[in-house]
Structure formats: C-alpha cells, structure tokens
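Have a look at the picture first, then read on.

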Amino acid sequence: KLILSYGSVPPFEYLEFQSNEFLEVLQNKYPYHKWINSENWINKHAFGLIIGGILILAVAIVSLYFIVAPKLSDNLTKAVPIKWEVDLGDKMFKQFMSDGKENSVKSMQLDSFFKLMNVVSDYPIRMHFSEDTIINAFAIPGGHIVVYKGLVDKISNYESLAGLLAHEYTHVAKKHSLKTILRSASSYLVLAAIFGDLTGLAGIILENANSIQNLSYSRNFEHEADQNAVAILLDRKIGLTGMLDLFKVFLS
C-alpha cells in the first residue's frame with residue numbers, strides 16, 4: 001500500500017493507494033514537491049540501535065552469568081544447614097561408590113589416622129579408600145572424603161598423608177564442593193531463565209554428582225585449602241616436607 005498523509009495536527013488525514021505507480025504519477029506531475037518524508041531518527045539509526053541493544057543484552061547476560069550467579073550461589077551456600085548438606089552428601093556418595101571398589105578395612109585405617117590428627121569439625125568426616133588406581137582424592141559435601149589407591153601408593157610418609165587429608169578436609173569445612181556445584185547449577189539457572197528451559201537443571205546437579213571427583217576448584221579454593229592444611233600441620237607439629245612431597249606427586 002501507498003499511504004500519503006497530510007495535515008499538521010493529529011489525527012492526520014491520508015490518502016491510501018493500492019499501487020506505488022501512483023507515486024510516480026505524482027512525482028512526475030509535481031517534480032518540486034517532496035512526496036515522501038525523510039527517514040526519522042529511529043529509522044535512520046535502526047541498525048545501530050539493534051546492535052547496541054544486542055550488546056547491552058550480552059553484557060547483562062555475562063554479568064548475570066559470571067558475577068550475579070556466583071554471588072547468589074555463595075550466599076545460598078552459607079544458608080544451607082549442615083544437616084541438609086550431610087544428607088545431600090550421603091546420597092551423592094552412594095551414587096558415586098556404587099562401583100564396589102571401596103576397601104572397608106583401609107577406609108577404617110584412614111578414619112583412624114585422621115582421628116589421631118584431632119581435627120574438630122561440625123561435619124561427620126568419613127574417610128573412604130578406593131581401590132581405583134587413579135592418582136587423586138576428592139571431598140563430597142557433608143563430610144565424605146575419598147582417597148584413591150593410586151595416590152596412596154605414591155605417598156611415602158605420614159606427613160604427606162596428613163597434608164592430603166587436611167587439604168581435603170578443608171574443602172568440606174569451607175563448603176568448597178557445595179559452592180562449586182551450586183555455582184554450576186546457578187549459572188545454568190540464569191541461562192535457563194533467559195532462554196526458558198529448566199529441564200536440564202536436575203541433569204546438571206546429577207552430572208556433578210557423577211563426576212564430583214573431577215570437580216575443578218577455583219584457584220582461591222585450592223589456595224585456601226593449602227593454607228588451612230599447613231595451619232593444621234603446624235598446630236600438630238607435623239613437618240611440612242610432606243606437603244612438598246605431595247605436590248611433587250601431582251606434578252610428576
């Protein structure tokens with residue numbers, strides 16, 4: 001349609017034509033008259049406005065994902081009761097240790113060793129020895145700590161074992177595992193809220209439960225765990241050379 005509006009006060013009067021050919025007729029008959037108004041500012045800058053809007057939206061999403069979501073999850077972590085965290089950890093532990101590789105005798109020995117360190121905790125710390133040959137150890141929210149045979153075989157002194165258990169204990173005491181899981185879930189929640197898909201949230205938590213042994217803590221979490229482990233060792237007059245030996249194991 002071709003619509004020619006005229007008048008100075010709204011509502012404007014207008015003529016409506018079904019063909020643009022009439023505009024050519026008018027332009028030929030009245031060549032000095034401006035029949036089509038120039039583009040207004042919005043139309044002229046429409047592309048720039050769209051790009052600017054996309055950039056603003058992108059900045060908002062990035063801010064939500066990397067700033068708001070982590071802070072929200074950290075505040076949520078502080079509000080989580082220990083009992084709830086312990087119950088969650090028990091369920092995650094049962095799911096993870098369903099492979100039957102736990103050595104109950106050596107788990108009891110690890111428990112006894114940690115109790116001799118006399119670390120007071122609000123959590124029921126429970127040590128578990130896995131016969132898997134992976135060189136690793138990890139902490140589950142609520143107090144479960146799993147140590148692999150592959151790592152224990154590399155440890156040559158009790159100072160290194162004490163440093164390892166103190167390090168993993170700190171991940172529990174400082175809620176590092178829970179914070180990492182909730183940060184992952186909250187980041188997904190932000191994206192799900194934006195794109196309208198919440199179906200994968202449970203899957204994210206379940207995925208973290210299955211692969212919690214591979215959780216990558218932030219540098220700050222690892223630094224805090226190392227610092228607190230050193231403080232525990234010094235308080236019990238345990239030499240720090242074991243911590244150095246432990247670092248060498250992971251670097252080798």
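## Ground rules

Before we meet any neighbours: a contact means heavy atoms within 4.5 Å. The model is a predicted one, where local features need pLDDT of at least 70 and side-chain atom pairs count only at pLDDT 80 or more, while totals for chains, interfaces and linings use all residues. Residues are numbered from 1 along each chain as its sequence is written, and side-chain values use heavy atoms, leaving out hydrogens and water.

## Arginine 126 and its partner

Start with arginine 126, which sits in strand 3 (residues 126–130). Helices (H or I, at least four residues) and strands (E, at least two) are DSSP runs, numbered from the N terminus. Leaving aside residues up to four places away in sequence, arginine 126 touches Val86, Asp90, Asp111, Gly142, Gly143, His144 and Ile145.

Because aspartate 90 belongs to helix 4 and arginine 126 to strand 3, the pair ties together parts that are 36 residues apart in sequence. Is arginine 126 buried, partly exposed or exposed? Arginine 126 counts as partly exposed because its relative accessibility is 22% (buried is under 20% relative accessible area, exposed over 50%, partly exposed in between, using a 1.4 Å probe and protein chains only). Aspartate 90, at 23%, is partly exposed too.

How many salt bridges does a search of the whole structure find? It finds 6. Among them is the one between lysine 149 and aspartate 153, whose closest N and O atoms are 2.7 Å apart. Lysine 149 is partly exposed at 24% relative accessible area, whereas aspartate 153 is exposed at 51%.

Aspartate 235 and arginine 236 also meet through their side chains, at 3.2 Å from N to O. Here aspartate 235 is exposed, with 57% relative accessible area, and arginine 236 is partly exposed, with 26%.

## Inside and outside

Phenylalanine 93 is found in helix 4 (residues 82–96). With a relative accessibility of 10%, phenylalanine 93 counts as buried. Setting aside residues up to four places away in sequence, it touches Glu102, His128, Ile140, His144 and Val146. Its C-alpha atom is 9.9 Å from that of alanine 139, which is 46 residues away along the chain.

Now for leucine 55, in helix 3 (residues 46–79). Leucine 55 counts as exposed because its relative accessibility is 53%. Together with Phe47, Ile50, Ile51 and Ile54, leucine 55 forms a nonpolar surface patch with about 530 Å² of accessible area. Patches are made of residues with over 30% relative accessible area and no salt bridge, joining like charges within 9 Å and nonpolar side chains (Val, Leu, Ile, Met, Phe, Trp, Tyr) within 5 Å. The areas come from the Shrake-Rupley method with a 1.4 Å probe, and for residues only the protein chains shown count as cover.

## A hairpin to finish

Strand 1 (residues 2–6) and strand 2 (residues 13–17) pair in the antiparallel sense over 5 bridges; pairing requires that DSSP finds at least two bridges between the strands. Serine 5 stands opposite tyrosine 14 in strand 2. This hairpin has 6 residues between its strands, and glycine 7 takes a positive phi near 115°.

Terms used:
Salt bridge = Lys/Arg side-chain N within 4 Å of Asp/Glu carboxyl O.
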